[in-house]
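Please examine the two-chain model shown below. The briefing that follows describes the fold of one chain, its neighbours and the organisation of its partner.

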Amino acid sequence: MKSPLSVLVAVLSGLLVLAGYFFPFPALIAIRTPMLDWAVTLAGIAGLVAIINLIVGVHLKRLREAGSKRFFSVVVIITFLIVAAFGFYLGPADPNFQKVVTAIQTPIETSLMALLAITLTYSSLKMLQRQRNWMGLVFFLSVILFLVINSGVLAFSAEIPLLQDLLSGFHKIPAAGARGILLGIALGSLATGVRILIGSDKPYSG
Amino acid sequence: MSQYEPLIGAVVFLFTSGLVIFFSSKKIRTKFPPVFRKLSAAIKLRRAIGLAVEDGTRIHVSLGNGSLVDPANASALAGLSTLNRIAQLASTSDLPPMCTSGSGDLQILSQDVLRGNASNTHSLGQLDPGLARMTGVTPFTYAIGAVESMQDSGTSANVLIGDFGAEAALLLDGAENQGSYKLAGSNSIIAQSIFFTQADDTLIGEELYALPAYLGSQAAHQASLRVQDILRFIVILVLLGAVLTRLAGWA
């Protein structure tokens, strides 16, 4: 059962912030600005709650279960406690603290980026197995075509006006397609936003 | 931004809201029932949910690493509606859906959705709060954490709906290794192209926002889908009008 009060507060807050954007009267701005600040603060607190939920609800629970992943949970919990302790003691803006955290985080994320490159190459090769339809074929041929065009192999086209016009036309196709998709996404976002702002869709129970 | 843009925005908002309320009314829905084109992804997802309930496996919903305070939050909100509907459809299963997200606000909301469904099915005591979790705060840590979560929980179907980047490839690769069904949709064009190569079914463009309606969600979802169609026709007419005006030399 959704609480009518929480729905009312959510809908009114949303409408007030939106009204402040559409009609920037001083009175509306005076309400809108602190409300947005509260939202950002709340999002920060929600992040903290979610981290505690991850540590307590997932990793501490896993320590009680038998399994090979118990070790990783121990590493996560110990690392979290160390980072949190130093973060509270030194402050998150401390340059030495940031240096240590970044020195660990950056190489890990870079290796994941390398892994991503391999994964994407492999899935591109496997794509035609999965998408055995004309859309898959068009996608595959487009990828090959634009890889060739952007590789610089056709650099001599600058001297052939007709070929240059053709390639220039080809370059506009992805932009046109992306615009079409983005228009659809914008309309979908608008309809979803309206549904939530008028209270007919409530992704919260209150 | 010109002085008229906020005013145009307000008119569009009021017009859209009016249409959503109009099409949500029972009278209109009965008199003019909605007819939507077939979305094979939604049909397959319903089948995957049915199979998961029969097999005693879990469905994993991934909301991406966007946040509610980001401009791209509408896709995550559509993901929450989808999670709600999946939880309703899988309510007879012993294993409720699991949800991973990359921000605290979405984690709290997804936990709230799962709790609400457990409350409706009188199974609140058995609900594990760890089923809705934030697996990481950066895109890559989120993806790796989500892969680990789905491998832990015996997942047979993965639904990725929200704001993703290139890291979604790692998530889908993890799901592929598990041999589970993968349905994916995002507001990001980069993520959509990756989904097209790796997912079993991809939601392109606005199909992402239509999924809750196709899963038979509330009347408001179906009404907003009708409104989307009307707005799309208006956009097409405006574009055609602009082209004709330019061709005629009036602009």
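## Briefing on chains A and B

In chain B, 69% of the contacts with a separation of 6 or more are between residues 24 or more positions apart; two residues are in contact if their C-beta atoms, placed from the backbone, lie within 7 Å. The model is a predicted one, in which local features need pLDDT of at least 70, side-chain atom pairs count only at pLDDT 80 or more, and totals for chains, interfaces and linings use all residues. Residues are numbered from 1 along each chain as its sequence is written, while chains are lettered from A and ligands numbered from 1 in the order in which they are written.

**Overall form of chain B**

- Chain B has 10 helices and 6 strands; these are DSSP runs numbered from the N terminus, helices being H or I of at least four residues and strands E of at least two.
- The radius of gyration of chain B is 20 Å, close to the 18 Å from the globule rule for 251 residues, so chain B is as compact as a globular protein of that length. The radius is taken over C-alpha atoms, and the rule is 2.2 Å times the number of residues to the power 0.38.
- The C-alpha trace of chain B spans about 65 × 40 × 30 Å along its principal axes.
- Of the 251 residues in chain B, 53% are buried. A residue is buried if 20 or more other C-beta atoms lie within 10 Å of its own, exposed if 12 or fewer, and partly exposed in between, with C-beta atoms placed from the backbone.

**The sheet of chain B**

- An open sheet of 6 strands in chain B has the order S3-S2-S1-S4-S5-S6, with parallel pairing; two strands pair if DSSP finds at least two bridges between them.
- Strand S3 (132-134) and strand S6 (201-203) of chain B are the edge strands, each pairing on one side only.
- From one strand to the next, the twist averages 15°. Axes are lines fitted to C-alpha atoms, for helices over the stretch in contact, and angles run from 0 to 180 degrees between N-to-C directions.
- Strand S1 (residues 58-64) of chain B pairs in the parallel sense with strand S4 (residues 155-163) of chain B over 6 bridges. B:Arg58 has B:Thr155 in S4(B) as its bridge partner, and B:Gly64 stands opposite B:Asp163 in S4(B).
- S1(B) and S2(B) run parallel and are joined by 3 bridges. In S2(B), B:Met98 is the bridge partner of B:His60, and B:Cys99 is that of B:Val61.
- In S1(B), 7 of the 7 residues are buried, so this strand is largely enclosed by the rest of the structure.
- B:Met98 and B:Thr100 point one way from S2(B), whereas B:Cys99 and B:Ser101 point the other way; all are buried.

**Helices and a loop of chain B**

- Helix H4 (residues 73-89) of chain B lies across S1, strand S2 (98-101), S4 and strand S5 (181-186) of chain B, and runs at about 150° to S4(B).
- Helix H5 (residues 104-120) of chain B packs on the sheet and touches S1, S2 and S3 of chain B, its direction making about 175° with that of S3(B).
- The loop between H5 and S3 of chain B holds B:His122, which has a positive phi of about 55° although it is not a glycine. B:His122 counts as exposed because it has 8 C-beta neighbours inside 10 Å.
- Helix H8 (residues 189-198) of chain B has buried residues including B:Ala191, B:Ile194 and B:Phe195. The buried residues of H8(B) pack against H4 of chain A together with helix H7 (168-178), S5 and S6 of chain B.

**The contact between the chains**

- In chain A, 48 residues are in contact with 60 residues of chain B.
- Helix H1 (4-22), helix H2 (26-63), helix H4 (95-130) and helix H6 (161-197) of chain A are the elements that give two or more residues to the side touching chain B.
- H6(A) provides the largest share of that side, 15 residues.

**Domains of chain A**

- Chain A is divided into domain 1 (1-89), domain 2 (91-130) and domain 3 (131-206), with bounds from an automatic or database domain assignment.
- The centres of domain 1 and domain 3 of chain A, taken over C-alpha atoms, are separated by 34 Å.
- Their contact takes 9 residues from domain 1 of chain A and 6 residues from domain 3 of chain A.
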